[in-house]
Structures are given as C-alpha cells and as structure tokens.
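Here are my notes on the model you sent over.

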Amino acid sequence: MLQVAVLGATGSIGASALDVIARHPDRLRATVLAAGQNVDALVALCVQHRPRHAVIAAADGYIALKRGLANAGLDTVAHTGEDALDALVAGDTCDTVVAAIVGAAGLRSTLAAARTGKRLLLANKESLVLAGELLMRTAREAGATIVPVDSEHNAIFQCLPDSHAHAGLARLILTASGGPFRGRSRESLRDVTPEQAAAHPKWSMGLKISVDSATLMNKGLEVIEAHHLFDVGADRIDVLVHPQSLVHSLVEFVDGSTLAQLGLPDMRTALSVGFTWPERIASGVGGLDLLAQGGRLDFEAPDVGAFPCLRLAYDALRAGGTAPAVLNAANEVAVSAFLQRRMGFLAIPAVVEQTLSALPPVSAASLDVLGDADAQARRIAEQAVQHLVT
Ligand code: NAD
Ligand code: MG
C-alpha cells in the first residue's frame, strides 16, 4: 500500500491525483492532504478520502479546519504552518508525495520530500525553476525518485526512463498547445482579459498556470524544468507548438530515432505513471483514438515576437545563477497583478524583463541566496507594476 501525501489537494492536480488514488483502494491511500486557504474544500476532501492528517497553510484557517473535521466525525488531525507540513512530509505517514502546490510557495515542502528520499511526483515546476540544482542534488543524495508530473516531462520520462539512453540523446522537443491566443499578433493582445487568458483550449488547470500558458511563460518554465530534470543544456531543448495537445513531447536520439508519448490531455495519466512506474495502472483516462480526434497532428514554430516570455526564459536559463529564480518571482507577481486587473496582458513580459535587467544574476550557491533573489525580484516587480499603473 502506497501512503500518499497530496500537497495542493484542493487544486486541479490535487483533484486528479485523488481521483487516481480513489480508483485503487487496494494499492493507494491518501494519508496527508494539504491546501492553502480553502478550509471547506479541504474538509470535503477529508470526508471523501479519510486521511490521517490535514494541513491548512493559512494560520487563520486552523480553528475552522479542526472544527470542520470534528463536525464531520473524522479523526483526521488538523495542522497549520510550513513546519508542520515539512514534518508530515518527512514523517512515516507517507512514502509518496504529490508536490502540487502552485508557485515558489511549494519549494520548502518539495525539498523536504526530496531530502527524505521519498517518491516525489513533482508538479510544482516553479520549485525546479527557482532551485533546480539544489533540488536535484538533494534528491540524488537522499535516493529520492522524482517522477515529473508535467505532461511534457512525464512524456520525456516515459521515453527516457533509464540513464543508458542519455548517452545517445540528441535533443528534447517540448510540445506546447500555444494557449488561447495562438496565432494572434502582439498588438491584438493588448486588451485581453483574465477570463480570456485563463480559458485554455485543451487543458483544465489552475489559474496561474493557465495564464502562464497564454503568455508561453509556462513553456519557458518547462524548458528550465527539463534542463534540470534531464541534465540537458538550453541549446538541446526545442519547443514546437502542437495545437491538438496529443503528442506530449518528443526525444530525439543520435541514431535518427525520435520517440514520443501520446495521449489525451488529462493529467491523470502522468500521475498514474508517477504512482507505480515502471508498472502501469488504470488512470480513468481512455485510450487515444486519433481518428476521433480529427485525424491530424499539426506542428508549428512558436511566435516569440508575440510571446516574448519564452525568449526571456531561455535567456534566464543561459544566464544561469539566480536569473531563473528572478524570472519566476517576477512572473508570479506579474501574473497576479494581471489577474487582479491592475495591469494588462502585455505588461507581464515587460515586468519580467525589467526585473531581470534590474537584478543581474549572481551565483546561486545556496537556498539563502536564492531566497534573497526571489524576495528582491518580488519587490522590484511590484514596483514595476505600480510604475506601469501610475
Ligand atoms: P491550482 O491553483 O489549481 O492549485 C494550487 C493548490 O496549491 C491548491 O490546492 C492551493 O490551496 C495550494 N496552495 C497554494 N498556496 C499554498 C501554500 N502556500 N501552502 C499550501 N498549499 C498552497 O494549481 P494547479 O493547476 O493544480 O497547479 C499546481 C502545480 O502543478 C503548479 O506548479 C503548476 O504549474 C503545476 N502543473 C499543473 C498542471 C495542471 O494541469 N493543472 C500541469 C502541469 C503542472
Ligand atoms: Mg506542461
């Protein structure tokens, strides 16, 4: 029986993970559920999945969580705060951790899971962008298995599971849906709304990643993520827009072979791979009928003129050091300001670019240095947002 901690349980990945877990009561059990702020949603999940522990990040939600669990007649123990979360992730009530908190807020618990050598289903891509070297080194030293739960990286993982294949690896090709604004000119994006940006054509996801998909920053973050997960340089990671979102990524080898993983756009496949790899279990996702899907697979080059975030991410990866951490933090601030309607869509790349040029990269020697870069970038990005508004 795998005992699973689902961090970010009330989110989109959390729901998909719990769906797969519920399909396999003989093999998988959710023992820890953690969420940010939504106490009612967390209690409802506890009623359904009966975990041993529930954690709410917002301290003011603790009493309500405790009361909600008691009212529901559950013996699930309520917790709050990052220390409690770290202790549970590291403790013996779980051996598998689904890291699906959104943003840099997920770094601490992701690192805690890596440090204890557990199986880590890693959806929280921002932690790899912010502290990829540290996270990968920590996992390696502790013997933790990281299975990427981002559809592209999970596809590459499936095509490239053993380290022998790396010797013959030529390049990675990440596919991108192109988001809701694919084919649009930069000028036409000036007045798009958060609702339009969040309406992803193929995937149903949380708000932040949906906006990242619309700017192509998501693909940029994924290029950096792929660099760390598979130890491949920026020059050997390409991006190809594939509007049907059925080919999840490709791996090219030196002998001319290219392997791809295909499937319907549903994260339960990647999560199932993560839970039991190399064994495969049912995920609830049906097989792929290419004829029913329209009978064609299209590919085109990304338009970095209209979507400069992708270029900014490549630049940050090449610059190295703290640059990816700065990129990530500035993007989190910018996306949040856009969602609050404090600035327009085109200001997202502008804020990120201004923040990157204000903070030249330094060597990312420790978590403290990265934390400082993250905090400084948030301050500068916030100033850039205010400057744009006034
Ligand atoms: P979401 O917004 O739907 O859910 C985020 C979850 O994180 C929620 O449960 C929220 O309560 C929790 N959370 C937020 N701040 C927290 C904090 N400080 N402490 C504890 N919990 C906190 O987001 P999502 O779409 O599920 O994405 C989660 C992560 O997975 C992101 O990093 C995203 O990039 C990645 N990802 C998502 C998808 C997808 O299909 N949704 C695909 C690939 C990667
Ligand atoms: Mg992805």
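**Notes on the model**

1. Start with asparagine 124. Once neighbours within four places in sequence are left aside, asparagine 124 is in contact with Ala99, Ala100, Ile101, Gly106 and Thr110. You'll find asparagine 124 in the loop between strand E6 (119-122) and H6. Keep in mind that this is a predicted model. Is asparagine 124 buried or exposed? It counts as buried, because it has 29 C-beta neighbours inside 10 Å.

2. Asparagine 124 also turns up in the records. The unreviewed UniProt entry carries a "binding site" annotation that covers Thr10, Gly11, Ser12, Ile13, Gly36, Asn38, Asn124, Glu126 and Gly206. Such annotations may be inferred rather than shown by experiment, so I'd read that list alongside the ligand shell in the next point.

3. Now the ligand. There are 28 residues around ligand 1, and Gly11, Gly36, Ala57, Met205 and Gly206 come nearest. Helix H1 (12-22), strand E2 (28-35), helix H6 (125-142) and helix H9 (207-215) are the elements that give two or more residues to this shell. Sorted by class, the shell around ligand 1 holds 15 nonpolar, 9 polar and 4 charged residues. Domain 1 (2-149) and domain 2 (150-318) each supply at least three residues to it.

4. Glycine 36 sits in the loop between E2 and helix H2 (39-49).

5. On the overall layout, the protein is divided into domain 1 (2-149), domain 2 (150-318) and domain 3 (320-390). The C-alpha centres of domain 1 and domain 2 are 25 Å apart. Where these two meet, 26 residues of domain 1 are in contact with 27 residues of domain 2. On the domain 1 side, the elements giving two or more residues are H1, H6 and strand E7 (145-148). H6 has the largest share of that side, with 7 residues. By class, the domain 1 side divides into 14 nonpolar, 7 polar and 5 charged residues.

6. Have a look at aspartate 150, in the loop between E7 and helix H7 (151-159). Its C-alpha atom is separated by 5.7 Å from that of alanine 123, although the two are 27 residues apart along the chain. Not counting residues up to four places away in sequence, aspartate 150 touches Ala123, Lys125, Glu222 and Glu225. Aspartate 150 counts as buried because 27 C-beta neighbours lie inside 10 Å.

7. Next comes helix H10 (residues 217-230). Its 14 residues reach 20 Å from the first C-alpha to the last, close to the 20 Å expected at 1.5 Å a residue. H10 is mostly covered, with 13 of its 14 residues buried. What follows H10? Aspartate 231 does, and its phi is positive, near 55 degrees.

8. Two backbone angles to check by eye. Aspartate 231 has that positive phi although it is not a glycine; it lies in the loop between H10 and strand E9 (237-241). With 11 C-beta neighbours inside 10 Å, aspartate 231 counts as exposed. Serine 245, in the loop between E9 and strand E10 (247-253), also has a positive phi near 55 degrees in a residue other than glycine. Serine 245 has 19 C-beta neighbours inside 10 Å, so it counts as partly exposed.

9. Last, a cis peptide bond and one more annotation. The bond from tryptophan 277 to proline 278 is cis, with omega near 10 degrees. Proline 278 is in the loop between helix H11 (268-276) and helix H12 (309-319). Over residues 262-379 the chain is 53% helix and 1% strand, with the end C-alpha atoms 41 Å apart.

Methods. Residues numbered from 1 in each chain as written. Chains lettered and ligands numbered in written order. Predicted model: local features only at pLDDT ≥ 70, side-chain atom pairs only at ≥ 80, totals over all residues. Near = placed C-beta within 6 Å. Helix = DSSP H or I, 4+ residues; strand = E, 2+ residues; numbered from the N terminus. Nonpolar A, V, L, I, M, F, W, Y, C, P; charged D, E, K, R; others polar. Domains from an automatic or database assignment. Expected span 1.5 Å × (residues − 1). Buried ≥ 20, exposed ≤ 12 C-beta atoms within 10 Å, placed from the backbone. Contact = placed C-beta atoms within 7 Å.
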